[in-house]
Amino acid sequence: MCLFRMSDDEKYAALLRNATEGIDADSWRYFIIENSLKLVLYVQKDPWAFIYNIFILLTPLFLLSSLCAYLLLKSSEKDKKKKSKRHQIGVGKGPRKSKKDN
């Protein structure tokens with residue numbers, strides 16, 4: 001059996017048959033193998049469309065990630081300012097003790 005001379009449907013059927021020998025068709029394992037093979041054949045058939053689709057799907061997530069990183073940076077800078085301000089106010093000032101005459 002030469003996979004190079006087969007049509008896509010024949011390739012899919014042959015690969016699925018070989019990969020799922022002895023596996024029940026109603027199981028999760030069969031479902032995962034079947035869909036993985038579909039994905040691999042899709043990528044093999046049109047890799048640029050696959051890369052384009054991945055790029056389109058991941059772009060909003062990258063933008064969200066950069067927004068969260070920016071907000072975290074601003075928050076940490078704000079906390080550092082607050083801590084340094086507290087430290088400057090509190091330097092040299094401990095709890096006041098009243099002096100009692102002996």
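In helix 2 of this predicted model, Tyr-30, Glu-34, Leu-37 and Leu-41 are buried, where buried stands for under 20% relative accessible area, exposed for over 50% and partly exposed for what falls in between (1.4 Å probe, protein chains only). These four sit on the same side of helix 2 because they cover an arc of only 65 degrees around the axis, the arc being that of the directions from the helix axis to the C-beta atoms. An α-helix has 3.6 residues a turn, so residues three or four places apart point the same way. Helix 2 itself spans residues 28–45, and its 18 residues reach 26 Å from first C-alpha to last, close to the 26 Å expected at 1.5 Å a residue (the expected span is 1.5 Å times one less than the number of residues).

A word on the ground rules. Residues are numbered from 1 along each chain as its sequence is written. As this is a predicted model, local features need pLDDT of at least 70 and side-chain atom pairs count only at pLDDT 80 or more, while totals for chains, interfaces and linings use all residues.

As for the chain, it holds three helices and zero strands, helices being DSSP runs of H or I with at least four residues and strands runs of E with at least two, numbered from the N terminus. Of its 102 residues, 10% count as buried.

Helix 1 (8–19) is part of what covers the buried residues of helix 2. The buried residues in helix 1 are Lys-11, Tyr-12, Ala-14 and Leu-16.

Then there is the largest pocket, lined by Asp-8, Asp-9, Lys-11, Tyr-12, Leu-41, Tyr-42, Gln-44 and Lys-45. A pocket here is an open set of points on a 1 Å grid over the protein atoms alone, where a 1.4 Å probe fits, with protein on both sides within 12 Å along at least five of seven lines; lining residues have an atom within 4 Å of a point. Helix 1 and helix 2 are the elements that give two or more residues to this lining.

Terms used: Heavy atoms only, no water. Contact = heavy atoms within 4.5 Å.
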